[in-house]
Amino acid sequence: MRSTLFFLTAFFLASCSYTLEPNDFKTRYEESDGLETATYEEAMLWWENIDKASPYLSIANVGTTDAGEPLYLIVISPTKNFLPKKLHEKERTIMLINNGIHPGESDGIDASMLFARDLLSDSDFESKYENTVFLIIPIYNVGGALNRNCCTRANQNGPVEYGFRGNARNLDLNRDFIKCDSKNAKAFNGLFNQWNPDIYLETHVSNGADYQYTMTYLFSHPDKLTPALSEFTKNDMIPSLVTSMKDADEEMIPYVNVFGTTPDSGYYGFYDSPRYSTGYTALHNSIGLLTETHMLKPYAQRVKATHTFIHQLAAFVNTNSKVIKNARTKATEQTLAQNEFILDWEEDKEHFDMLSFNGYDAYYDTSAVTGLPQLYYDQSKPWTKDIKHYNRLKATKHVTAPNHYLLPAGWS
């Protein structure tokens, strides 16, 4: 009788829906009025505490980093199922968010904490996101986050302190996805192959030219994707997210990769080889994308834009769950049927689309530091122009698929 009562009590508790209070679990970002970002220790303590409070969230240790600290993965599941194999069998869409690959670009670290709390304090969470499971890497570059400073991103408008770009071995982890020189990348490859996410989002802060937008975005280049994913990305996903962000008063533009001096001379779409995350995800027929907020905008404004984008992406992914799954299945079939593969690309400098762009007047003046001409932007003189956007690639290297691969025993 006692064991039966214990079983029924446990079953009842597991069946109940738990929601957090919206004002619970304040972050350092909020407590500082949008001026500061959490340290690595503060962020992990925050995630540990929210894990204790919600049955929808689990924290997994998925490997070791070059700093000697674990790489942690947050799993938020509306069904309280945290097993990747079972979730794929149930055809749940897996969305992975990676933050702090460059810890000085900390917007996503704080925005993901706010996003997770939003989900777990929503009484309709189970039904609202029944098709989706969310994975969050709180801080990917642990060593860089522990190397905290104020001034290595001199032109960035907040936060007050932040982590360093290089990891514990001074490697740029955003160039290491395919070559795996770092323990971080090896751990990432393991979790990526275990979870096989359908959507991958990486959060960044951009620099360079000045313009009116807070948010820019970059997808796995559509020309490098299989036809099924390329068509879905170009025709459905990008237009929908651009529209929903504009409706949320966060108008955004493709990542500004200027090849001249200022954006009004036009710019290229970014060629993301597999050393970058979105090039890596493309090899797995997974849709990868980046957010790039603008460093000159105030920190609170950038975090808000990132927070909004994560919500818009989550809603899109959940609504289009079956379409995304079907597109990936078809993409795999197309890959298996291929005999010729493209190994390298270059920007197509002949074909372009016209892009409506909101920028600022630019001018040169003498630098007080060097005494040389310096480029400046006048934010009191905004403009809107149609500019050239070269967003196509040309294949430069092809290979025929081999029948076998021979790997020497020493290649671990």
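**Reading contacts in the model**

Tutor: Let us begin with a polar contact of 2.9 Å, which joins the side chains of Thr132 and Asn318. A polar contact is a pair of N or O atoms within 3.5 Å; within protein, one must be able to donate a hydrogen and the other to accept it, and residues adjacent in sequence count only if both atoms are side-chain atoms. This is a predicted model, in which local features need pLDDT of at least 70 and side-chain atom pairs count only at pLDDT 80 or more, while totals for chains, interfaces and linings use all residues. Residues are numbered from 1 along each chain as its sequence is written, and side-chain values use heavy atoms, with hydrogens and water left out.

Student: Where is Thr132 found, and is Thr132 buried or exposed?

Tutor: Helices (H or I, at least four residues) and strands (E, at least two) are DSSP runs, numbered from the N terminus. Thr132 belongs to strand β4, residues 132-137. Buried means under 20% relative accessible area, exposed over 50%, and partly exposed in between (1.4 Å probe, protein chains only). Thr132, at 0% relative accessibility, is buried.

Student: Which residues is Thr132 in contact with, leaving aside its neighbours within four places in sequence?

Tutor: Contact means heavy atoms within 4.5 Å. On that basis Thr132 is in contact with Pro78, Arg92, Thr93, Met95, Val317 and Asn318.

Student: How many salt bridges does the structure hold?

Tutor: A salt bridge is a side-chain nitrogen of Lys or Arg within 4 Å of a carboxyl oxygen of Asp or Glu. The structure holds 20 of them. One is formed by Glu250 and Lys304, whose closest N and O atoms are 3.0 Å apart. This pair links distant parts of the chain, 54 residues apart: Glu250 is in the loop between α9 (227-247) and β7 (252-254), and Lys304 is in helix α11 (residues 299-319).

Student: What distance separates the closest N and O atoms of Lys385 and Asp264?

Tutor: They are 3.6 Å apart in a salt bridge. Lys385 is partly exposed, with a relative accessible area of 33%, and Asp264 is partly exposed at 34%.

Student: How should I read strand pairing, and in which sense do β1 and β2 pair?

Tutor: Two strands pair if DSSP finds at least two bridges between them. Strand β1 (residues 57-64) pairs with strand β2 (residues 70-76) in the antiparallel sense, over 6 bridges. Within this pairing, Ile59 has Ile74 in β2 as its bridge partner. The two strands, β1 and β2, form a hairpin with 5 residues between them, and Gly68 in the turn has a positive phi of about 85°.

Student: How far apart in space are Asn207 and Leu241?

Tutor: Their C-alpha atoms are 22 Å apart, and the two residues are 34 residues apart in sequence. Asn207 lies in the loop between β5 (199-206) and β6 (215-219), and Asn207 is partly exposed at 46% relative accessibility.
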